[in-house]
Amino acid sequence: MPRFSVIVPAYRVQAYLHACLDSVLEQSFKDYEIIVVDDCSPDACGPIADEYAVRDPRVTVVHLPHNSGLGPARNAGVARAAGDYLLFLDGDDTFAPEALAAVADRLAATGDPDVLVYDYARTYWSGESVRNTFSEHLAETGPASFRLADRPELLKVLMVVWNKAYRREFVEAEGFTFPPGYYEDTPWTYPVLMAAGSIAVLDTVCVGYRQRRRGNILSTTTRRHFDVFDQYDRVFAFIDSRPALAHWRPVIFRRMLDHFSTLFTSRGRLPRGTRGEFFRRARAHCRRYRTPGAPVPRRARLRHALFRLGAHRTYRALWAAQRLRTRLGRAGSTVRRAARGAALQLHYRVQLRLPVRAGDAVFAAYWHRGYTCSPAALEATARALVPGIRTSWICRPEDAHTVPEATRALHPGTAAYWTALARSKYLVNNVNFDRRLVKRRGQVLLQTHHGTPLKTMGTDLVHRPAAAGSMDFAQLLRNVDKWDFSLSANQHSTLVWERTYPSGYTTLEYGSPRNDVFHRTGPDETARLRERFGVPPGSTALLYAPTHRDYRREQQHSLDLERLVRVLGPRFVILARSHYLDATARATAGHTRHPRIIDVSAHPSVEELCLASDGLITDYSSLMFDYVNLDRPVVLHLEDAQAYEAARGTYFDPAAFPPGAVARDQEELHEIFATDHWRGPRSAQRRAAFRARFCPYDDGYAAERVVRRVFLGDTSGLPVPAPLTGRGPTGVPRQVPVREYTNG
């Protein structure tokens, strides 16, 4: 008997059914069966399902003789199910990676409840993924399992069948079945939750709920939306058949009115000329099932009253007035935003006519994120070395807490922000400032970049549209023309920057300031960092930090981390860090069920994560160039090398000149750790050569060199980089002095 029976009804979803079934078959948890119910679909759903059944014995296909709808199709699947738990997945939706493992673990941890409710995310054709807005009600706090009366707020979570796992014996004992018609989830979900003796929750996104542009049956214009009345008849009949559930009548009555209101005001559902009939039937239901007692929010009281009175025309008039007010409000907001923007630009133009403040410096990083990277190292060093300097940091309000107290935090788009850009002498960033920045005579703009380039950058992206996206190359070059200095960590970076960002700036080949911390942090501080991140004493901590994939819409970790940590054994922990551009991965981060995988995506300082770890697993991330300063092992996982090279491209083959061991797939990665090659002599030799080539100036004084040169005008007394022989691996080439020259 399998643990799970995954029931997949399929009707007119041939374009999505492959992704749906693959999302189940690719799960690391394998104890399940899949029952695909072909609801007499006129497209290729049936043949597609049959192909999967031939390939995998866990797939069973049920072909219905005529189209019956979602409810009867699910019933057909339930009748064939043999699993301990029933899971439903619509044919155009998908399971998230590791969803079944998370569900299995949570069921075991909560004593096999009757129902487990888990989370979902809406996924759009654009690749955007938005988590359920009521996910806070799935917090795994309090008792492991409970009755609905203990957590009635659970009813706010979308009342659908596919975000829950149901104990099959419970479903069979209660005789639950799906009715025909639209909104078939309603008379299933409410009774199931009310009758369940034990419910548990899983605060993990397990389902990708596809938002189709067209084809969703609930978005079609048809009289079948009137089925909602029959469905609520069934819900109240269930309550009436069980006197012990009578206290739920007021709650269901209120939710029924909310449902009616949503359907009535949804454009494109009710056919033209049927709204009056719909309202009359809604009024009849209000009179039939009215049960006062459930609190009604103030904003909903009028709607409910109008339904009870049957005031169809009044409701429509108020609805139209509300829509008009909303439109006027949006128009007013647009006008206000435009007026505010014009006022700010006028303010900026005035500030541009005032003198530049010689003692002011403004810093920023990563498109206004928190205090981080080389600009942060330079800001701290400038405050220490430059007499009388006043520094500001541009960041989003939510990142202001990362800015030191001695530094003024500026929020983008404010008058203070534009004043700082207009009047500060020094402008430092690791990306470009606002395109509207006017570079003034007397201002100095330092571009620090954010790492040594491995992947294709700048104007080299002209011939790589998948990576360039909507990049405006003409604007890019206008921004580059504002640079006075371009900071470079090594000769490789210098050659790339000067070709891909051609202009007349001065290159400072001084090293990477953000890496200074690696040479200045002692073992006591490292131990404190490991304790803060939850690394157990005596454990080996591996930092997993993949880069962004331009060719993927959904950015999921390419490694199966739970499988990896099981292979590594109990003395290893993994610090998992998603890339800051990967919204999807970050939205589902932190929900692993494995205690030895610690999600650190939200931590603002990657340098601290490096210090707290004993080794790095990455792919094409520039982090490898920084990490080798610690002289700790690096392992490259290059499973998608061909796809990445085709989409983004690299300046050299990292597998041909790597900083350590290289794995082409997960099995090879496991072998590298099993044989200890990840930290063997060959790995150390590669790391030494890599460090010699890319880190000649990273000695802990890069920030001081830059500050003395740019802020103090010192060109002769700069700290000379210490030989690598005194900083780490031996047997490396002789070091060259720091270089500076004007690009031309």
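Tutor: Gladly! Let us begin with a definition: a disulfide is a pair of cysteine sulfur atoms within 2.5 Å. Keep in mind that this is a predicted model.

Student: How many disulfides does a search of the whole structure find?

Tutor: The search finds zero disulfides. Take C45 as an example: the nearest cysteine sulfur, that of C20, is 9.9 Å away. A pair has to be within 2.5 Å, so C45 is in no disulfide.

Student: What makes C45 count as buried?

Tutor: Buried means under 20% relative accessible area. C45 has 0% relative accessibility, so C45 counts as buried. The reasoning carries over to C610, which is buried because its relative accessible area is 0%.

Student: How do you know that the length of helix α1 is close to what is expected?

Tutor: Helix α1 covers residues 14-25, twelve residues in all. From its first C-alpha to its last it reaches 17 Å, and 16 Å is expected at 1.5 Å a residue. The two values are close.

Student: Which residues of α1 are buried, and what covers them?

Tutor: L17, C20, L21, S23, V24 and L25 are buried. Their cover includes the strands β1 (4-10), β2 (32-38), β3 (59-63) and β5 (94-95), together with the helices α2 (45-55) and α4 (99-109). Contact here means heavy atoms within 4.5 Å.

Student: Why is M624 called buried?

Tutor: M624 lies in helix α22 (residues 623-627). Its relative accessible area is 0%, so M624 is buried. Leaving aside neighbours within four places in sequence, M624 is in contact with L454, L616, T618, D619, V634, L636, P659 and F690. One of these, L636, is twelve residues from M624 along the chain, and their C-alpha atoms are separated by 8.8 Å.

Student: What makes us say that both faces of strand β16 are covered?

Tutor: In a regular strand the side chains alternate between the two faces of the sheet. In β16 (residues 506-509), T506 and L508 are on one side, T507 and E509 are on the other, and all of them are buried. Strand β15 (residues 485-488) also has both faces covered: F485 and L487 are buried on one side, S486 and S488 on the other.

Student: How do you know that β15 and β16 pair?

Tutor: Pairing needs at least two bridges. Four bridges join β15 to β16, which run parallel, so the strands pair. S486 stands opposite T507, and S488 stands opposite E509.

Student: Which other strands are joined to β15 and β16?

Tutor: Strand β14 (residues 444-447) is joined to β15 by two bridges and runs parallel to it; L446 stands opposite F485. Four bridges join β16 to strand β23 (residues 739-742), and here the strands run antiparallel. E740 in β23 is the bridge partner of L508.

Student: What makes β19 and β22 edge strands?

Tutor: Six strands form an open sheet in the order β19-β18-β17-β20-β21-β22, with parallel pairing. β19 (597-599) and β22 (661-663) each pair on one side only, and they are the edge strands. From one strand to the next, the twist averages 20°. Within this sheet, five bridges join β17 (residues 540-544) to β18 (residues 572-576), and V573 is the bridge partner of A541.

Conventions: Residues are numbered from 1 along each chain as its sequence is written. This is a predicted model: local features need pLDDT of at least 70, side-chain atom pairs count only at pLDDT 80 or more; totals for chains, interfaces and linings use all residues. Side-chain values use heavy atoms; hydrogens and water are left out. Buried means under 20% relative accessible area, exposed over 50%, partly exposed in between (1.4 Å probe, protein chains only). The expected span of a helix is 1.5 Å times one less than its number of residues. Axes are lines fitted to C-alpha atoms, for helices over the stretch in contact, and angles run from 0 to 180 degrees between N-to-C directions.
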